Amino acid sequence: GPPPTGVRRFECWSVANPNAPSLLGSWPIPTTSFPWDPSTVYWMTIHVPVVNSDGTRLYAGFGHEIGTSQETSYEHDLPGGIMTFDVSGNTPSPIHQFNWPSHQHGSGAFIGPLFVALRPTGPPVLAASIATLGVFFFDVSGQPALLGEVVTSGETRDAAVDATHLYNFAK
């Protein structure tokens, strides 16, 4: 059956029969708190996931929110970045976490990507937008490693990549 309410999970569902989807497994999303305020819970958020073509790796942006599942705001004192999951089985299992450097955009705060896109062919390269900084490219054949960046004309809201191009929607 479904997991208990009030617990955030990253779920894997079988949709082989779309008329009767079934939950296969889930990873409980961790929470944290600061020692000086143990009563405030900070939830990790996972967003814009993409799966590689053979269905073994999932890449996603992540950040942190403060509050309950009904009322949240982003928390920029906790890490944000890119996570890699092994999805070869029924339960997503985290294998790598790349924390975006907090100094990267000058405020001293962490920030997570607004989107991620996976190059569909060739060596595994992930593109990730970081607010108004542009689009960054990561080698994701193992622990994510920064390859380079494109400084875009505005804040990247969505994008796609193919073997040789970045298609960017900037506002």
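Reader: How many helices and strands are in the protein chain?
Author: Zero helices and 14 strands. Helices (H or I, at least four residues) and strands (E, at least two) are DSSP runs, numbered from the N terminus. From the N terminus on, the elements run β-β-β-β-β-β-β-β-β-β-β-β-β-β.

Reader: What should I know about the model and the numbering?
Author: This is a predicted model: local features need pLDDT of at least 70, side-chain atom pairs count only at pLDDT 80 or more, and totals for chains, interfaces and linings use all residues. Residues are numbered from 1 along each chain as its sequence is written, and side-chain values use heavy atoms, with hydrogens and water left out.

Reader: OK, sheets. What is the order of the open sheet of four strands?
Author: The order is β9-β10-β11-β12, with antiparallel pairing. Two strands pair if DSSP finds at least two bridges between them. β9 (115-118) and β12 (145-150) are the edge strands, each pairing on one side only.

Reader: How are neighbouring strands turned against each other?
Author: By 25 degrees on average, direction ignored. Axes here are lines fitted to C-alpha atoms, for helices over the stretch in contact, and angles run from 0 to 180 degrees between N-to-C directions.

Reader: How many bridges between β10 and β11?
Author: Five, in the antiparallel sense. Strand β10 covers residues 125-129 and strand β11 covers residues 135-139. A128 stands opposite F136 in β11.

Reader: And which strand does β13 join?
Author: Strand β14 (residues 166-170), through five bridges, and the two run antiparallel. β13 and β14 form a hairpin with four residues between them. V161 stands opposite L166 in β14.

Reader: Is S153 buried or exposed?
Author: S153 counts as exposed because its relative accessibility is 79%. The cut-offs: buried means under 20% relative accessible area, exposed over 50%, partly exposed in between (1.4 Å probe, protein chains only). S153 and N168 are 15 residues apart in sequence and 9.5 Å apart in space, C-alpha to C-alpha.

Reader: Switching to packing. Which residues make up the largest nonpolar core?
Author: There are 12 residues in all: Y59, I82, F98, W100, V116, L118, L126, A128, I130, F136, F138 and V140. A nonpolar core is a set of buried Ala, Val, Leu, Ile, Met, Phe, Trp, Tyr and Cys residues joined through side-chain atoms within 4.5 Å. β9, β10 and β11 are the elements that give two or more residues to this core.

Reader: What does V140 touch?
Author: Leaving out residues up to four places away in sequence, V140 touches Y59, L118, P124, V125 and L126. Contact means heavy atoms within 4.5 Å.

Reader: Which residues are in another core, apart from that one?
Author: That core has 10 residues, among them I29, M44, A60 and F85.

Reader: Now the rings. How many aromatic pairs?
Author: Three aromatic pairs. Rings of Phe, Tyr and Trp (its six-membered ring) pair if their centres lie within 6.5 Å; planes under 30 degrees apart count as stacked, over 60 as edge-to-face and the rest as tilted. F10 and F85 form a tilted pair, 5.0 Å centre to centre, with 55 degrees between the planes. This pair links distant parts of the chain: F10 in strand β1 (residues 9-14) and F85 in strand β7 (residues 81-86), 75 residues apart. Both F10 and F85 are buried.

Reader: What about F98 and F138?
Author: They form an edge-to-face pair, 5.0 Å centre to centre, 65 degrees between the planes. F98 sits in strand β8 (residues 93-99) and F138 in strand β11, so the pair ties together parts 40 residues apart in sequence. F98 counts as buried at 16% relative accessibility, and F138 is buried at 0% relative accessible area.

Reader: Which residues form the aromatic cluster?
Author: F10, W27 and F85.

Reader: Back to β7. Where does T84 stand, buried or exposed?
Author: T84 lies in strand β7. T84 is buried, with a relative accessible area of 2%. Beyond residues up to four places away in sequence, T84 touches R57, L58, Y59, S93, P94, I95, H96 and P144.

Reader: Last one. How much of the protein chain is buried?
Author: Buried residues make up 36% of the 171 residues.
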